[in-house]
Amino acid sequence: MKRIVSIQDISCFGKCSLTVALPITSAMGIETCAVPTAVLSTHTGGFTGYTYRDLTSDIPKIASHWKSIGLKFDAVCTGYLGSFEQIRLVSDFFDDFKTNSNLLIVDPVMGDKGKFYAGFTNEFAAEMRKLCSKADVILPNLTEASLLLGEEYVGDVYDEECIKNMLTRLSRLGSKIVVLTGVTFDENSQGVMSYNSETNEFFSYFSDNIPGYYHSTGDVFSSTLSGALVKGFDMGKSVKIAVDFTVDCIRHTVGHEKEHWYGVKFEECLPDLIEMIK
Ligand code: PXL
C-alpha cells in the first residue's frame, strides 16, 4: 500500500486543506497521514471571526517521532502554510523524509484571482519560492505562479507562448515538474498546462469552463493529482484524472452555490474518482 503525508492546516468547517486531502487520497486507496499545521474553525475565504490555533511547534516533534519509528512516505505533500517558520520547518521535514524514489509535492497556496488570501505577503511568497526549489512537483495557480516569479499578476488574457514561458521560468526555481492550474485561453475551456524540465516536454489538458467561483477546487485538484502520481499514473493521465474529478465536483455543486459557497460537494463524487482510477 502506498503512503502519503499531507502537511497543511485543518479548517474544521469549510471543505479545504486536510478535510479534502484526507478523504480524497484515502478513497484512492492510499494510506494518508497528516501533519496538521494549524486548527482553524473555518477557512479564511469569506468567513470572519474564525479561530486560529497555531501548531508550528508540533511539526518538528512529529517529524522526530516518525524518524525514530522509521516511517517512510511515497509522497510528502504540502498545501496551505501559515508562516515563514512553518515553511522552514516543512523544508527540514523534506530533508528528513526525502528518499531516492519518493515525491515532494508543493502546492504553494497563497492566493487566487490575482489576490493574496488573507494574511499573505510578498515576503511570504519569497520564502515559498525557496520551498518550491526543493520540490519534485509544484502546483501553482496563475496567481501563485506570478507571485513565485515576483511579477505582476498575468491577468485573464494571455497566449500559449506566455504560459510556456512562465512554466520554463518556474521550473528554473528548481522543481522537475511544474503544473500550472486555472489556465483559460478561451471562455469555454479551462485546464492545466505542465512542463517537465528533464524531458523538456509540455503537456496540456482542458475541460469545460464552468462559470462562477468555486472555493477549494485547488485543494481538490492537488490532492487528486498527488494521489494519482503516487498510484503510478504518468503525468498526462494524472492531470486528466485530477482535472476531470475537479470538474465533476464543480458540476455537482452548480445550482447549490447558496448553501455550498464555501467549498465543492466533493463527497458525492468520490465514487466517480474510484471509478476513474480503476
Ligand atoms: O484552500 C486553500 C486554503 C487552505 N487553508 C485555509 C484557507 C485556504 C484558502 O482560503 O483559508 C485556512
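This report describes the sheet, several helices and a few single residues of one predicted protein model.

The model is predicted, so local features are taken where pLDDT is at least 70 and side-chain atom pairs where pLDDT is 80 or more, while totals for chains, interfaces and linings use all residues. Residues are numbered from 1 along each chain as its sequence is written, and side-chain values use heavy atoms, with hydrogens and water left out. Helices (H or I, at least four residues) and strands (E, at least two) are DSSP runs, numbered from the N terminus.

## The sheet

Nine strands form an open sheet with mixed pairing, in the order β3-β2-β1-β4-β5-β8-β9-β10-β11. The edges are taken by β3 (52–54) and β11 (201–208), each of which has a single partner strand, so one side of each is left without a neighbour in the sheet. Two strands count as paired if DSSP finds at least two bridges between them.

| Strands | Sense | Bridges | Opposite residues |
|---|---|---|---|
| β1 and β2 | parallel | nine bridges | Ile7 and Val35 |
| β1 and β4 | parallel | four bridges | Ser6 and Cys77 |
| β4 and β5 | parallel | four bridges | Ala75 and Leu103 |

In a regular strand the side chains alternate between the two faces of the sheet. Strand β4 is covered on both faces, with Ala75 and Cys77 buried on one side and Val76 and Thr78 buried on the other. Here buried means under 20% relative accessible area, exposed means over 50%, and partly exposed lies in between (1.4 Å probe, protein chains only).

The buried residues of α3 include Gln86, Ile87, Leu89, Val90, Ser91, Phe93, Phe94 and Phe97.

Leu131 belongs to helix α4 (residues 122–134) and is buried, with a relative accessible area of 1%. Leaving aside neighbours within four places in sequence, Leu131 is in contact (heavy atoms within 4.5 Å) with Thr78, Leu81, Ile87, Val90, Ser91, Phe94 and Val106.

At the N-terminal end Asp234 caps α8, with a side-chain oxygen 3.3 Å from the backbone nitrogen of Gly236. After α8 comes Gly255, whose phi is positive, near 95°.

The loop between α8 and α9 (270–276) holds His260. The side chains of His260 and Lys15 are joined by a polar contact of 3.5 Å; a polar contact is a pair of N or O atoms within 3.5 Å, and within protein one must be able to donate a hydrogen and the other to accept it, while residues adjacent in sequence count only if both atoms are side-chain atoms. Apart from neighbours within four places in sequence, His260 is in contact with Lys15, Thr253 and Lys265.

## Cysteines

A disulfide is a pair of cysteine sulfur atoms within 2.5 Å, and by this rule the count is zero. For Cys249, the closest cysteine sulfur is that of Cys269 at 4.2 Å, too far for a bond, and Cys249 is buried at 0% relative accessibility. For Cys16, the closest cysteine sulfur is in Cys12 at 10 Å, which is also too far for a bond, and Cys16 counts as buried at 6% relative accessibility.

## Thr143 in helix α5

Thr143 lies in helix α5 (residues 142–148) and is buried, with a relative accessible area of 4%. Not counting residues up to four places away in sequence, Thr143 touches Gly111, Asp112, Lys113, Gly114, Lys115 and Tyr153. Thr143 and Ser194 are 51 residues apart in sequence, and their C-alpha atoms are 16 Å apart in space.
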